[in-house]
Amino acid sequence: MKKDTPICHYCGRADRIKRHGIGRTGRQRYYCAECKKTFQTYYIYKGKEQNIAHQIERLLAENYTPERISNEMHVRLATIEAHIRQLEGVNP
Ligand SMILES: [Zn+2]
């Protein structure tokens, strides 16, 4: 079942996330009460999202599939896969 809110892209928590209006690109933004940071779940991949790369790495270490990571983070599978390819390139 798909959750209403994604896990935090900074700390990975699922229980402190609130909707936080709509970003400049027209996408839903979220706020983490734990980190006191906002984030969005749609990225035009530019390699600047170190925070989501960190969460992907952590979830992979917990044996999550790319599909499950996509579902938990509400990030498109293609974006997850691009990050995984980059992680594998950086950490052979
Ligand atoms: Zn957080």
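A: Let's start with Glu34, which forms a salt bridge with Arg13, the closest N and O atoms sitting 3.4 Å apart (a salt bridge being a side-chain nitrogen of Lys or Arg within 4 Å of a carboxyl oxygen of Asp or Glu). Glu34 lies in the loop between strand 2 and strand 3 (37–40) and Arg13 in the segment before strand 1, so the pair ties together parts that are 21 residues apart in sequence; strands (E, at least two residues) are DSSP runs, numbered from the N terminus. Bear in mind that this is a predicted model, where local features need pLDDT of at least 70, side-chain atom pairs count only at pLDDT 80 or more, and totals for chains, interfaces and linings use all residues. Residues are numbered from 1 along each chain as its sequence is written, and side-chain values use heavy atoms, with hydrogens and water left out.

Arg13 also forms a salt bridge with Asp15, with 3.0 Å between the closest N and O atoms. As for accessibility, Asp15 is exposed at 57%, while Arg13 is partly exposed at 32% and Glu34 is partly exposed at 38% (relative accessible area, 1.4 Å probe, protein chains only: buried is under 20%, exposed over 50%, partly exposed in between).

Then there's the pair Glu62 and Arg58, a salt bridge with its closest N and O atoms 3.3 Å apart. Glu62 is partly exposed at 43%, and Arg58 is partly exposed at 28%. The count comes to four salt bridges.

Terms used: Helix = DSSP H or I, 4+ residues; strand = E, 2+ residues; numbered from the N terminus.
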